[in-house]
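Subject: Structure handover

Hello,

Here is the structure you were going to look at. My notes on what was found in it follow below.

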Amino acid sequence: MVNVVVLMGILLHCDEQNKAIRYLEVIEEFKNNRGELIRDIVPLINWNKIHQGDLFVYQNGATVLVKGRLEIINDKMYVICENLTYLGKKE
């Protein structure tokens, strides 16, 4: 079975209760019925599940490309970040 996730988005803050979790804002390319862009907030965890690595190097607002896999931990779905590519800073 293949479990691969590729997302491009804007890095947001770390989770206040668990500093090993960081959020990614993903903006869809299409609009909903009301003409608004759909924004999803996706929780990310570094592949080794600790608070270090590329996921925590870049500041809030950095645009990144994330490659990883889906994993369910304590009944919540996360993207485990295996590779992160920095694409620039949101102006």
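Two strands are said to pair if DSSP finds at least two bridges between them. Strands are DSSP runs of E with at least two residues, numbered from the N terminus.

The model is predicted, so local features need pLDDT of at least 70 and side-chain atom pairs count only at pLDDT 80 or more, while totals for chains, interfaces and linings use all residues. Residues are numbered from 1 along each chain as its sequence is written, and side-chain values use heavy atoms, with hydrogens and water left out.

The fold

Five strands form a closed barrel in the order β1-β2-β3-β5-β4, and the pairing is mixed. On average, neighbouring strands of this sheet are turned by 50 degrees against each other, direction ignored. The axes behind that angle are lines fitted to C-alpha atoms, and angles run from 0 to 180 degrees between N-to-C directions.

Strand by strand, the pairings are as follows. β2 (residues 21–31) and β3 are antiparallel, with eight bridges between them; Glu-25 has Ile-41 in β3 as its bridge partner. β3 and β5 run parallel and are joined by three bridges, and Ile-45 is found opposite Ile-80 in β5. β4 and β5 are antiparallel over twelve bridges, with Ala-62 opposite Lys-89 in β5.

The hairpin turn

β4 and β5 make a hairpin that has two residues between them. Asn-74, in the loop between β4 and β5, has a phi near 50 degrees, which is a positive value in a residue other than glycine. Asp-75 lies in the loop between β4 and β5 as well, and its phi is also positive, at about 65 degrees, although Asp-75 is not a glycine.

Asn-74 counts as exposed because its relative accessibility is 71%. Asp-75, at 78%, counts as exposed too.

The tyrosine pair

A pair of aromatic rings is described by the distance of the centres and the angle of the planes. Rings of Phe, Tyr and Trp (its six-membered ring) pair if their centres lie within 6.5 Å; planes under 30 degrees apart count as stacked, over 60 as edge-to-face and the rest as tilted. By this rule there is one aromatic pair. It consists of Tyr-58 and Tyr-86, which are stacked at 4.7 Å centre to centre with 15 degrees between the planes. Tyr-58 is in the loop between β3 (37–46) and β4 (62–73), whereas Tyr-86 is in strand β5 (residues 76–89), so the pair links distant parts of the chain, 28 residues apart.

Tyr-58 is partly exposed, with 25% relative accessible area, and Tyr-86 is partly exposed at 39%. The C-alpha atoms of Tyr-58 and Lys-89 are 9.3 Å from each other, with the two residues 31 apart along the chain.

The nonpolar patch

Val-2, Val-4, Val-6, Met-8, Leu-65 and Leu-87 make a nonpolar surface patch of about 580 Å². Patches are made of residues with over 30% relative accessible area and no salt bridge; like charges are joined within 9 Å, and nonpolar side chains (Val, Leu, Ile, Met, Phe, Trp, Tyr) within 5 Å. A salt bridge is a side-chain nitrogen of Lys or Arg within 4 Å of a carboxyl oxygen of Asp or Glu. Accessible areas come from the Shrake-Rupley method with a 1.4 Å probe, and for residues only the protein chains shown count as cover.

Val-2 is in the segment before β1 (5–14). Val-2 counts as exposed, at 74% relative accessibility.

Regards

Technical notes: Helix = DSSP H or I, 4+ residues; strand = E, 2+ residues; numbered from the N terminus. Buried < 20%, exposed > 50% of the residue type's maximum accessible area, 1.4 Å probe, protein only.
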